[in-house]
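I opened the model today to look up two things.

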Amino acid sequence: MASLTDLVNLNLSDTTEKIIAEYIWIGGSGMDLRSKARTLSGPVTDPSKLPKWNYDGSSTGQAPGEDSEVILYPQAIFKDPFRKGNNILVMCDCYTPAGEPIPTNKRHNAAKIFSTPEVATEEPWYGIEQEYTLLQKDINWPLGWPVGGFPGPQGPYYCGIGADKSFGRDIVDSHYKACLYAGINISGINGEVMPGQWEFQVGPSVGISAGDQVWVARYILERITEIAGVVVSFDPKPIPGDWNGAGAHTNYSTKSMRNDGGYEIIKSAIEKLKLRHKEHISAYGEGNERRLTGKHETADIHTFSWGVANRGASVRVGRETEQNGKGYFEDRRPASNMDPYVVTSMIAETTIIWKP
């Protein structure tokens, strides 16, 4: 008799051309990922060849009950690391039946910004450092922390090894490999300063694909933690007090910044970011004021600053970029729960399109 594990791991290509496509979208809170699966007659590699689909928006906080249909438009395809074979994960965005983007569809506006000639010519590259915290399921307390108590102070945990310093590495490594399998340009992982907190990096990715890849990497992480019986939190300050918060530092460059003389372009881009500091902060994640205090490697939320190799600044320029006279910079303000579609497109809009 086949076991549950045998059935879950059945290889469909032994008996059928059909594949399973898992359609993924962002729910009404702006952070809740949803998904459902459908059968397709054969392998698909081009999102434009996939059928649109719909769901009940009244159950996700995205439509009223009397007019609840929301339409899913497939936008990006990834290999499915859970079902494997020719099965796929499909990142979608959401529209009304009349074809209007619904209010929570942040991808639509981002895609418009990235397709403007000025932005497209500059080929904006992004590297996003996604921090997160693993929590024990029934008590919502970080993995590896004593129940109702605290571990020793921060210091030994960042990139630490050992059963008393590193908690959840099996989840983290599974996620790393699953993202590579899926075709996400995940570039690394590391343990973070607070125990139970980790980071993965996605990039370099160009334009709208940065947002697609971060969202699908988050989806894969949530699915893996579901299997492991652990909760993943993207709260920017999960534990109050003398513990590091969680961010999504966003590394950015344009073609002009990567070419000779790019350091001057970088400095003028940072000046533009300074002038729109308030607008950016308001779009950089809920609860970020609990994280951006001027302590724990952050700048104060009310003040814009930048510096070379300064991890206490709003924007950090690497020492190598300064020496080479070209390269990239890091916006350290985005919170771990930011929407990568919003943050990446806003940085491009401010630094390339916006005229002070």
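My entries below go from the domains to the rings.

**Ground rules.** I am working with a predicted model, so I noted that local features need pLDDT of at least 70, that side-chain atom pairs count only at pLDDT 80 or more, and that totals for chains, interfaces and linings use all residues. Residues are numbered from 1 along each chain as its sequence is written, and side-chain values use heavy atoms, with hydrogens and water left out.

**Domains.** I looked up the domain assignment, whose bounds come from an automatic or database source. It gives domain 1 (11–104) and domain 2 (117–353). I took their centres over C-alpha atoms and found 27 Å between them.

**Interface.** I listed contacts, meaning heavy atoms within 4.5 Å. In domain 1, 17 residues touch 18 residues of domain 2. Next I looked up buried area, the accessible area (1.4 Å probe) that two parts lose on being put together, summed over both. The two domains bury about 1,700 Å² between them, and 77% of that is on carbon and sulfur atoms. On the domain 1 side, Met 31, Phe 78 and Phe 82 lose the most area to domain 2, together 39% of what that side buries. I also searched for salt bridges (a side-chain nitrogen of Lys or Arg within 4 Å of a carboxyl oxygen of Asp or Glu). The search across this interface returned zero.

**Ring pairs.** I paired rings of Phe, Tyr and Trp (its six-membered ring) with centres within 6.5 Å; planes under 30 degrees apart count as stacked, over 60 as edge-to-face, the rest as tilted. The count is twelve aromatic pairs. Trp 141 and Trp 145 are edge-to-face, with 5.4 Å centre to centre and 85° between the planes. For burial I used under 20% relative accessible area as buried, over 50% as exposed and in between as partly exposed (1.4 Å probe, protein chains only). Trp 141 is buried at 18%, and Trp 145 is buried at 3%.

Why does the pair of Phe 150 and Trp 243 count as stacked? The planes lie at 10° and the centres are 6.3 Å apart, so the pair is stacked. Trp 243 is buried, at 8% relative accessible area. I also noted a cluster in which ring pairs link Phe 114, Tyr 126, Tyr 252 and Phe 329.

**Charges over a ring.** I required NZ of Lys or CZ of Arg within 6 Å of the ring centre and within 35 degrees of the ring normal. The charged end of Lys 36 sits over the ring of Trp 53, 4.1 Å from its centre. The charged end of Arg 38 sits over the ring of Trp 53 as well, 4.8 Å from its centre.
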